Amino acid sequence: MVWLTAGAPAADTTNAARTVGIETPVALDLPRADYQPRPLDDRTEMILRLGAVTPATNGLHHYELFFMGLEPGRYRLADFMVRSDGSQPDELSNVEFEVHSLLPADHDGQLTDYVPRPFPFLGGYRAFLAALGILWAGGIAAFVVSYRKKRGPVEMPPVVAAPSFAERLRPLVEAAAAGTLSPDGKAQLERLLLAFWRDKLQLPDQRMADALAQLREHTEAGILLRALEHWLHQRGGASPAEVTALLAPYRQPAAPPPAKGTAP
């Protein structure tokens, strides 16, 4: 806002300036409170609008005005305001507004010709949005690739095959052959042998002692049982080859049960 005071020398009251078509607020202290903008007509070169009038502390009256020049030049405030009786306020002749033009003085008023660009799709707001979308998608893709590289392939733990029946028997048999088999180990070995031959020979349910006695007389099952009893009473021991030979029947898959009425 430009602040001016009427009644001061003309050189101090003509500095309110603006470019053509831009409205500018101006604050003025004027001697009367009844000034009004002069009614406009089609030939006016400046539009003046009154905002508010309030009493000033210096005995004057504070005016808030807005002016917008339609043509460049200097304009006297007295030519655009009137008193309440319609007379021209000559006391305001020393207050002037100046309106400048952005165009040079020798401008012919012609508009600049539009020259189409060879690639009109490049640049501008749409190109900016497209670039922003590409950056966003690229950032997401880079994050996914980086995340997968950090994780790497999932290594599956090695599959450990369950020990065969012969492998379960071997440490117990070797301990029996060495004379170091504990009573618990002997009981475990007997339970394993009894379960194996009971399923293979389809033996009926009976006491463990009776079943072991029956198996001890069996041609194939009795070999290991009799060797165990021999090692328990006479610690002669057995070589690894002998232990391997004794466990040979237990490495073979279980044979189908014999038909009813056939001898074991």
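1. Tyr75 and Phe80 are both buried, a label that stands for under 20% relative accessible area, with exposed meaning over 50% and partly exposed in between (1.4 Å probe, protein chains only). The model is predicted, with pLDDT of at least 70 needed for local features and 80 or more for side-chain atom pairs, while totals for chains, interfaces and linings use all residues. Residues are numbered from 1 along each chain as its sequence is written, and side-chain values rest on heavy atoms, leaving out hydrogens and water.

2. Across the whole structure, a search finds 9 aromatic pairs, where rings of Phe, Tyr and Trp (its six-membered ring) pair if their centres lie within 6.5 Å, with planes under 30 degrees apart counted as stacked, over 60 as edge-to-face and the rest as tilted. Because the ring planes of Tyr75 and Phe80 stand at 80°, with centres 5.9 Å apart, that pair is edge-to-face.

3. Phe196 and Tyr250 form a tilted pair, 5.0 Å centre to centre with 55° between the planes. This pair links distant parts of the chain, since Phe196 lies in helix H3 (residues 183-201) and Tyr250 in helix H7 (residues 248-251), 54 residues apart; helices here are DSSP runs (H or I, at least four residues), numbered from the N terminus.

4. The charged end of Arg49 sits over the ring of Phe66, 4.4 Å from its centre, the criterion being NZ of Lys or CZ of Arg within 6 Å of the ring centre and within 35 degrees of the ring normal.

5. Val144 belongs to helix H1 (residues 124-151) and, because its relative accessibility is 36%, counts as partly exposed.

Terms used: Helix = DSSP H or I, 4+ residues; strand = E, 2+ residues; numbered from the N terminus.
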